[in-house]
Amino acid sequence: MTSTFKQLLKVELAKALKNKFFITTLIIALLFALFSAWYMIDLYFYSLRGLSRMGGNQMIQALSLFNHWIGGEATSLGFTLFFTLMPLIAALPYGWSYFIENKSGYVKTVVTRSAKTEYFLAKYIATFISGGLVILIPLLINFIVVACFIPAVTPSTMYTMYHSVYHGSLWSQSYYTNPVWFVILYLILDFIFAGLFATMSLTVSLFVKNRIAVILVPFFLILVLHYSRTFLAYKYYYEISPLNYLHSTPIINPANVWIIIGQGLLFFILTFGLTMRLGGKRELL
Amino acid sequence: MTIIELKNVSKKIRGVTVIDDISMTLSSDRVAGLRGINGSGKTMLMRLISGLILPTGGTIKIDDKLLGKEITFPESIGILLENPAFLDSYSGFQNLKMLASIRDQIDDDQINQTLKFVGLNEESAKKKYKKYSLGMKQRLGIAGAIMEQPDIVILDEPTNSLDTSGVELVKEIVRHEKERGAVVIIACHDADILDELADEIYYLEEGSLVKTTREVKQA
């Protein structure tokens with residue numbers, strides 16, 4: 001790692017994380033996450049009241065933090081907004097930055113102080129981290145807020161119908177034995193995919209000449225992938241839409257770790273490969 | 001001593017020749033002026049020397065190092081190409097500091113000195129770039145090009161948007177950069193300014209070098 005790259009990365013990270021788009025998007029994502037927390041906490045106490053009226057079994061292992069936090073529930077509007085709009089939320093903080101810097105000519109003053117490959121590598125890393133963090137922070141805060149009200153009872157297979165993780169679901173063994181580890185795995189997964197969604201905007205900005213399109217194209221590409229599932233109905237068993245496998249409540253099909261790894265690698269190879277190859281060779285007119 | 005050597009340099013963009021067979025040698029302590037109407041190839045030639053675009057024919061050497069092969073950009077260069085470009089949400093000082101931090105060669109005091117030199121006082125330096133007037137933006141652009149005391153200084157229309165005092169400032173800066181030992185390349189529509197500042201003027205027409213000052217004087 002050259003000294004100019006280290007400096008450039010510091011500058012890029014500062015620009016990516018200290019800009020109004022990052023803050024605004026983070027606030028919006030936080031609102032979705034807190035909206036989910038509020039709804040699920042309310043639902044939990046409603047369920048408790050209902051159970052207490054019936055007396056007898058309190059079903060402690062059915063009502064847990066792990067099926068009430070945003071990554072484990074699929075009922076609130078906050079959940080739907082957060083996970084459906086995830087590719088858009090991830091791209092908003094910094095996915096547009098190369099487009100703006102190229103259009104204004106700012107990129108020229110930067111690359112002549114370093115190198116084009118260093119510039120694009122720093123830009124890729126900063127975009128990835130900004131996209132990842134804008135999703136990770138609300139998820140973490142939701143988890144902490146929900147944990148303040150709902151006990152972190154380890155889920156029991158006796159109450160599987162109250163949990164969305166079934167036999168064959170992704171990391172199901174962890175869910176019923178070490179659910180905190182299960183949550184950490186999903187947080188890592190969401191951070192990585194949100195980062196990749198953000199870098200899709202960076203790659204798209206090498207081809208597209210419109211700022212709005214730069215932000216929207218990755219979202220629509222993921223929507224195309226999401227709805228292409230309908231063509232595979234009854235023919236293919238596993239989930240192929242990130243919008244469905246980035247939380248632990250797959251709506252129709254169970255998630256498969258190899259499909260997730262494969263898609264993640266494909267997204268990475270396409271975004272990183274195209275950005276570095278085309279960006280490095282690009283003439284700056 | 002920095003020497004820039006262009007040998008039979010040509011550039012085609014989408015099949016159109018924008019620079020056609022240009023050869024010239026530029027060296028330290030000299031100010032090279034580029035003159036020509038809009039679209040004559042001045043900015044394109046500056047982009048080629050900056051390494052931002054690569055020639056489709058011929059070679060450019062900076063201190064005997066082949067641009068695009070041995071080096072991707074000149075090792076020490078400051079540029080102001082067309083309009084100054086900075087980040088709107090940062091102040092003038094923050095913008096320069098961010099750029100300077102990449103090479104990490106100068107400290108805050110030197111940035112402040114450069115800002116003062118180009119006529120941006122402490123208050124202006126703290127203002128966000130988006131609140132700058134056109135003249136202030138131009139001054140900041142010039143500051144960005146010269147703050148690290150590069151070996152090569154490229155100024156494309158540096159007097160754009162500047163008032164009389166600003167134009168005088170540009171003249172002072174160009175003289176100062178020359179005295180410091182930099183190769184200064186300047187393009188300017190104002191013939192009087194170019195005549196006053198440049199040691200040699202290169203006339204461009206449709207991407208070709210048609211004559212130099214020396215030839216004009218001989219004629």
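This is a predicted model: local features need pLDDT of at least 70, side-chain atom pairs count only at pLDDT 80 or more; totals for chains, interfaces and linings use all residues.
View 1. Strand 4 of chain B and strand 5 (residues 65-66) of chain B run antiparallel. Two bridges join them. Two residues lie between the strands of this hairpin. In the hairpin, B:Asp63 takes a positive phi near 50 degrees.

**View 2. Strand 1 and strand 4 of chain B pair side by side.** Strand 1 covers residues 3-13 of chain B, and strand 4 covers residues 57-62. Their pairing is antiparallel and spans five bridges. Two residue pairs can be picked out here. B:Leu6 stands opposite B:Ile60 in strand 4 of chain B. B:Lys7 stands opposite B:Thr59, also in strand 4 of chain B.

**View 3. Four strands of chain B form an open sheet.** The strand order is 2-1-4-5, and the pairing is antiparallel. Strand 2 (16-27) and strand 5 of chain B are the edge strands. Each of these two pairs on one side only. Helix 1 of chain B packs on the sheet. This helix touches strand 1, strand 2 and strand 4 of chain B. The direction of helix 1 makes about 60 degrees with that of strand 2 of chain B.

**View 4. B:Lys116 sits in helix 3 of chain B.** The helix covers residues 108-117. B:Lys116 has 14 other C-beta atoms within 10 Å, so it counts as partly exposed. A residue would need 20 or more such atoms to be buried, and 12 or fewer to be exposed. B:Lys116 and B:Arg47 are 69 residues apart in sequence. In space they are 28 Å apart, C-alpha to C-alpha.

**View 5. Chain B meets chain A.** The contact involves 24 residues of chain B and 22 residues of chain A. Helix 2 of chain B gives the largest share, five residues. By class, the chain B side has 13 nonpolar, seven polar and four charged residues.

**View 6. Chain A is built from helices.** Chain A has twelve helices and zero strands. Its radius of gyration is 21 Å, close to the 19 Å that the globule rule gives for 285 residues, so chain A is as compact as a globular protein of that length. The C-alpha atoms fill a box of roughly 75 × 40 × 35 Å along the principal axes. Of the 285 residues, 44% count as buried. Among contacts in chain A with a separation of 6 or more, 80% join residues 24 or more positions apart.

**View 7. Helix 1 of chain A packs against helix 7 of chain A.** Helix 1 covers residues 3-17, and helix 7 covers residues 116-147. Their axes are 9 Å apart, at an angle of about 35 degrees. The crossing is right-handed. Helix 1 of chain A contributes residues including A:Phe5, A:Leu8, A:Leu9 and A:Leu13. Among the residues they meet in helix 7 of chain A are A:Leu121, A:Ala122, A:Ile125 and A:Ile129. By class, this contact has twelve nonpolar, three polar and four charged residues. The charged residues include A:Glu12 and A:Lys15 in helix 1 of chain A, and A:Glu118 and A:Lys123 in helix 7 of chain A.

How values were computed:
Residues are numbered from 1 along each chain as its sequence is written. Chains are lettered from A and ligands numbered from 1 in the order in which they are written. Two residues are in contact if their C-beta atoms, placed from the backbone, lie within 7 Å. Two strands pair if DSSP finds at least two bridges between them. The radius of gyration is taken over C-alpha atoms; the globule rule is 2.2 Å times the number of residues to the power 0.38. Axes are lines fitted to C-alpha atoms, for helices over the stretch in contact, and angles run from 0 to 180 degrees between N-to-C directions. A crossing is left-handed if the near helix is turned anticlockwise from the far one by less than a right angle, and right-handed if clockwise.
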